[in-house]
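Here are a few notes to read alongside the model. Have the structure open and follow the points in order.

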Amino acid sequence: VAGLEVSRDEFALVKNESGPDSPQTALQIMGKLHQSWIIAAGGEFQDVRISTEREDTKCEISPLVSYAGEDLEGQFPSK
């Protein structure tokens, strides 16, 4: 058994099939984390949209692109 210490914004408990602490809430938490990385790197979201579990508002960064928000600067051109 191994344990990792991570910051609270990287932790999403999954113990229920639906509702609180479900895969849907974990996806929403990860989407908000990835959205915060994009904003920190200079990206903007249309109409100040917030990431949710809906297909048209999901936000995901592939771990092949960035594991913890690094190297995203310059990836989002200004208007």
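**Notes on charge pairs and pockets**

1. Let's start with D56, which is exposed at 54% relative accessibility (buried means under 20% relative accessible area, exposed over 50%, partly exposed in between, with a 1.4 Å probe and protein chains only). Its partner R54 is partly exposed at 48%, and the two side chains meet in a salt bridge, 2.6 Å from N to O. That term means a side-chain nitrogen of Lys or Arg within 4 Å of a carboxyl oxygen of Asp or Glu.

2. Before going on: this is a predicted model, where local features need pLDDT of at least 70 and side-chain atom pairs count only at pLDDT 80 or more, while totals for chains, interfaces and linings use all residues. Residues are numbered from 1 along each chain as its sequence is written, and side-chain values use heavy atoms, leaving out hydrogens and water.

3. How many salt bridges are there by this rule? The count is three. K58 pairs with E55, with the closest N and O atoms 2.8 Å apart; K58 is partly exposed at 43% and E55 is exposed at 66%. D47 and R49 also meet, at 3.9 Å from N to O. Here D47 is exposed at 60%, and R49 is partly exposed at 43%.

4. K58 turns up again in the lining of the second largest pocket, along with others including H34, E53 and C59. A pocket is an open set of points on a 1 Å grid over the protein atoms alone, where a 1.4 Å probe fits, with protein on both sides within 12 Å along at least five of seven lines; lining residues have an atom within 4 Å of a point.
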